[in-house]
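Here is a short briefing to read alongside your structure.

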Amino acid sequence: MEASLANTGRKPLSILFALSLFVSGCAFQQQEVVSTAADTSTVQHSLTAPASVAQLSDENIQRALKNAYTKFKNDQSGKNADYIKALAEVDSTLYGISVVTADGRIFEIGDVKTKFSIQSISKVFTLAGIMQQTSPAIVQEKIGVNATGLAFNSMIAVETIPERTVNPFVNAGAIASTSLIEAADSAQRWDVIKANMDNFAGRELDLNEQVYQSEVNDNLSNQALSKRLESYGRIYSDPLEATTVYTRQCSVNVTSHDLAVMGSVLANHGVNPITGKRIIDADNTPYILAVMATAGLYDNAGGWLYETGTPAKSGVGGGILAIVPGKLSIGVFSPPLDGYGNSVRGQLAAAYIINELNLNPYDASH
Ligand code: GLN
């Protein structure tokens with residue numbers, strides 16, 4: 001029987017969210033929020049964008065960004081990922097916040113032009129790619145859409161959770177997703193994945209060779225996951241080939257600006273509001289957002305949802321992407337991570353903006 005999305009069981013999550021609002025008044029480097037309007041003269045905007053996004057004033061968004069930036073600028077908690085050696089060397093003081101609204105307005109502050117490796121946030125776009133090529137039901141059947149409650153690289157999850165691949169955002173499910181991309185060979189698989197990410201970003205992204213070389217020669221755990229999945233019949237191309245392409249997709253460079261633009265496609269029903277180009281079917285976006293809500297922040301997904309009510313995705317490069325459907329997308333870059341592998345300031349800043357602008361979709365009072 002074909003898997004039905006209506007049968008999806010969701011685990012009740014009750015993890016307490018430990019956001020510490022660290023307010024510091026010292027050594028604040030004055031930064032101004034820069035806002036840009038997309039050049040809409042040649043662009044056909046999505047007619048489906050909800051009118052309510054227009055009610056978000058430029059002034060309110062600018063204020064929320066500036067406050068989020070100032071409040072957490074001097075928060076030095078967390079630690080760069082170091083299991084990928086190149087990530088340990090990234091300047092941990094870097095901090096940038098970008099917002100792109102579903103109607104194509106851009107607001108940014110801080111280090112928004114600094115490139116960093118997208119890491120696990122790439123999994124969102126590969127999920128979108130396989131969903132376009134197959135269907136939400138096939139994704140649920142071949143990968144899975146449930147939370148693990150375990151770390152993103154957990155082998156225990158593969159051993160104990162019946163779906164094996166678990167969901168598209170833990171490493172096992174992400175490698176399986178990469179393997180599910182229709183391609184004749186590894187080069188074509190990479191080309192399809194990269195072109196898809198470029199389409200989301202509205203520009204040609206480049207590869208962080210240093211991060212790629214650092215990880216591709218040191219990813220034995222991911223290789224082991226892929227071989228284990230093969231033994232369960234849950235990988236859909238050569239496992240090691242898929243692992244290498246997966247590692248490459250994680251090494252693509254983005255900025256917080258790129259993240260916010262890429263996310264705006266999901267906030268805007270599949271149309272990039274800056275380029276006006278449809279990237280994915282509108283019908284697929286709720287499924288992608290649902291997986292982000294369920295598993296985007298791994299074993300703190302419940303804590304994040306509890307605090308913000310929004311779908312989000314993190315990467316160990318220090319990026320975080322949060323989406324308010326129909327309204328806006330937030331991309332933050334700050335390398336130090338918490339124990340779950342999620343950017344500390346990324347979570348603090350994005351949660352602050354969402355709550356400051358009253359954007360929690362579960363709060364019907366606004
Ligand atoms: N490339 C990283 C890995 O496979 C991605 C992990 C992450 O960003 N959470 O471990």
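Helix 13 and helix 14 are roughly parallel to each other, in what is a predicted model. Their axes lie 9 Å apart at an angle of about 30 degrees, and angles under 35 degrees count as roughly parallel.

**Helix 13 with helix 14**
- Helix 13 covers residues 301–308, and helix 14 covers residues 344–356.
- From helix 13, Trp 304, Glu 307 and Thr 308 meet Gln 347, Ala 351, Ile 354 and Asn 355 of helix 14.
- By class, this contact is made up of 3 nonpolar, 3 polar and 1 charged residues.

**Helix 9 with helix 10**
- Helix 9 (residues 220–231) packs with helix 10 (residues 239–250) at an angle of about 140 degrees, and their axes are 9 Å apart.
- These two helices are therefore oblique to each other, and their crossing is right-handed.
- On the helix 9 side, Asn 222, Gln 223, Ser 226, Lys 227, Leu 229 and Glu 230 take part, meeting Pro 239, Leu 240, Ala 242 and Thr 243 in helix 10.
- The contact of helix 9 with helix 10 holds 4 nonpolar, 4 polar and 2 charged residues.

**Loop residues with positive phi**
- Gln 119 sits in the loop between strand 4 (116–117) and helix 3 (122–133), and its phi is near 50 degrees, a positive value in a residue other than glycine.
- Is Gln 119 buried or exposed? Gln 119 is buried, as 27 other C-beta atoms lie within 10 Å.
- His 269 belongs to the loop between helix 11 (256–267) and helix 12 (285–295), and has a positive phi near 60 degrees.
- With 23 other C-beta atoms within 10 Å, His 269 is buried.

Technical notes:
Residues are numbered from 1 along each chain as its sequence is written. This is a predicted model: local features need pLDDT of at least 70, side-chain atom pairs count only at pLDDT 80 or more; totals for chains, interfaces and linings use all residues. Axes are lines fitted to C-alpha atoms, for helices over the stretch in contact, and angles run from 0 to 180 degrees between N-to-C directions. Helices (H or I, at least four residues) and strands (E, at least two) are DSSP runs, numbered from the N terminus. Angles under 35 degrees count as roughly parallel, over 145 as roughly antiparallel, 65 to 115 as roughly perpendicular and the rest as oblique. A crossing is left-handed if the near helix is turned anticlockwise from the far one by less than a right angle, and right-handed if clockwise. Two residues are in contact if their C-beta atoms, placed from the backbone, lie within 7 Å. Ala, Val, Leu, Ile, Met, Phe, Trp, Tyr, Cys and Pro count as nonpolar, Asp, Glu, Lys and Arg as charged, and the others, Gly among them, as polar. A residue is buried if 20 or more other C-beta atoms lie within 10 Å of its own, exposed if 12 or fewer, and partly exposed in between; C-beta atoms are placed from the backbone.
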